[in-house]
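Here's a quick briefing to read with the model open beside you. Take it one topic at a time and find each piece as you go.

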Amino acid sequence: MSIHWRAVIRLPFALTVLFLLSACDSTGSATGSSSGSSTQSSSIINVVAAENFYGNIVSQLGGKHVKVTSILSDPNVDPHEYESNVQTAKTVASAQFVIENSGGYDDWMDKLLSASPNSNRILLKGFDTATFRLPGNEHVWYNVDNVATIAQAITNDLKKLDSANASIFDNNLQMFKQSLQPLQQKISEIKSKYSGTPVGLTETIYLYQAQPLGLNVLTPFEFQKAMAQGNDPPADTVVTADNQIKQHQIKVLIYNKQTVTPSTTKLENDARAQNIPVVPVTETMPPGKTYQSWMLDQMNTLEQALQRTK
Ligand SMILES: [Zn+2]
C-alpha cells in the first residue's frame, strides 16, 4: 500500500527529470551539430568517484555531460577494508574530475592520485566540503544538508571543467536540491513523532541521521567506532550494548549491514530474540537506487519500525 503511494508521488518528479534531461539533450546536440561530433564527445567530463553515492550525485548533476565511474559499489563489502587494484589505478589515472570522501575513509584514493600526478585534474573531498561534521565520524553523506552543500561544490567544479554548459549544470543543481525536499520532509515527520526515542546503532554511520531525527542513541560510542575501524570493541561496551537490548532500553536497533562482526551479529540476534525491530542500513548505495531513493527507503523502514514500538 505505502509502496504504491510512494510510486504515485514519484511519478511527476520522474517526468520532470525526463523533461529536463531531454531539454539538456537538445541543447547538447545543437552544439554538437554546429561544431562536429568530435567536439561533442570530447566535452564529456571523465569523472571517477571513490564511492557510488558520490558517483550517483555527479551523474544527476552532470547529466549527458559526464561519464562517471564509481569504485566502491558493492553493498556487501566493508568499504573501510577496501584495497585498490591495478584496474582501479588505471581508471583513476584517466580521470579529469575525482570525488572522494576523505577524512580517512578512502586513503587508497589519495595513494592512487599521488601515483599519477595531473595538474589539470580537479579533486573534490566530500568530508572537507561538508559543513556538518561529527567527531571521529567520516560518514558525512548521511546528512542531507551536507549533500546539498557537496552538490553545490560539484556543480562549481563541473562549470570550471565545461563552462559552455554552465547553465545546464545550474538547472540540474536546482532540480537536485528540490529532489532532496522529500528527504527533509521525512526527517521532520519522524522527528515530530519519535524525537527522544532510545535506539541502538551498530556503527557510527547513522549518527548523521539519528541527530537530525532527534533519536536518543544509547549504544556506547566506542563500540560503534570500533566497528567502523574494524577493531575489537572494548569489553565493557559490549556488555552495555547487550544489556540495553536484553533490558529493552532501546526500541529499535539500526544495523550497518556492511560492517558486520561477531559483536554486531550477536546484537542483531539478541534484538530479534527480544522482538526489538532491526533496521538495516548500508554504507554504499545498493544497486538500482539513487542517493535520494536509498535514503528515503531506509528512513521509511525506520519509521515503520518506530511505529511498531508505539
Ligand atoms: Zn562506516
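Predicted model: local features only at pLDDT ≥ 70, side-chain atom pairs only at ≥ 80, totals over all residues.

Gly230 has a positive phi of about 75°, and this residue comes just after α11. Residue numbers start from 1 along each chain as its sequence is written.

**Helix α11**
- Helix α11 covers residues 221-229, and its buried residues are Phe223, Gln224, Ala226, Met227 and Ala228.
- "Buried" here means that 20 or more other C-beta atoms lie within 10 Å of a residue's own; 12 or fewer makes a residue exposed, anything in between is partly exposed, and the C-beta atoms are placed from the backbone.
- What do those buried residues of α11 pack against? Their partners are β5 (198-201), α12, β7 and α13.
- Contact means that the C-beta atoms of two residues, placed from the backbone, lie within 7 Å.

**The chain as a whole**
- You can count 14 helices and 8 strands in the chain.
- Of the 310 residues in the chain, 37% are buried.
- Take the contacts between residues at least 6 apart in sequence: 63% of them join residues at least 24 apart.

**The sheet with β1 to β4**
- Four strands make an open sheet here, in the order β2-β1-β3-β4, with parallel pairing.
- Strands count as paired if DSSP finds at least two bridges between them.
- Why is one side of β2 (66-72) and of β4 (122-125) left without a neighbour in the sheet? Both stand at the edges, so each has a single partner strand.
- On average, neighbouring strands of this sheet are turned by 15° against each other, direction ignored.
- β1 (residues 45-51) pairs with β2 in the parallel sense over 6 bridges, and Val48 sits opposite Thr69 in β2.
- β1 and β3 run parallel and are joined by 3 bridges, with Ala49 having Ile99 in β3 as its bridge partner.
- β3 and β4 also run parallel, joined by 4 bridges, and here Ile99 stands opposite Leu124 in β4.
- In a regular strand, side chains alternate between the two faces of the sheet.
- In β3, Phe97 and Ile99 point one way while Val98 and Glu100 point the other way, and all are buried.
- Helix α7 (residues 144-161) lies across β1, β3 (97-100) and β4, and runs at about 175° to β4.
- For angles like that one, axes are lines fitted to C-alpha atoms (for helices, over the stretch in contact), and the angles run from 0 to 180 degrees between N-to-C directions.

**The sheet with β5 to β8**
- This open sheet has 4 strands in the order β6-β5-β7-β8, with parallel pairing.
- β6 (216-217) and β8 (278-281) are at the edges with a single partner strand each, so one side of each has no neighbour in the sheet.
- β7 (residues 252-256) pairs with β8 in the parallel sense over 4 bridges, and Leu253 stands opposite Val278 in β8.
- Helix α14 (residues 291-308) packs on the sheet and touches β7 and β8, with its direction making about 170° with that of β8.

**Helix pair α9 and α14**
- The axes of α9 (residues 181-194) and α14 come within 10 Å and cross at roughly 15°.
- α9 and α14 are therefore roughly parallel to each other; angles under 35 degrees count as roughly parallel, over 145 as roughly antiparallel, 65 to 115 as roughly perpendicular and the rest as oblique.
- Their crossing is left-handed, meaning the near helix is turned anticlockwise from the far one by less than a right angle, with clockwise being right-handed.
- Residues making the contact include Leu183, Ile190 and Tyr194 of α9 and Met295, Leu302 and Leu306 of α14.

**Helix pair α12 and α13**
- α12 (residues 235-246) and α13 (residues 262-273) pack at an angle of about 15°, their axes 9 Å apart.
- That angle makes α12 roughly parallel to α13.
- α12 passes α13 in a right-handed crossing.
- Among the residues making this contact are Val238 and Ile245 of α12 and Leu267 and Ala271 of α13.

How values were computed:
Helix = DSSP H or I, 4+ residues; strand = E, 2+ residues; numbered from the N terminus.
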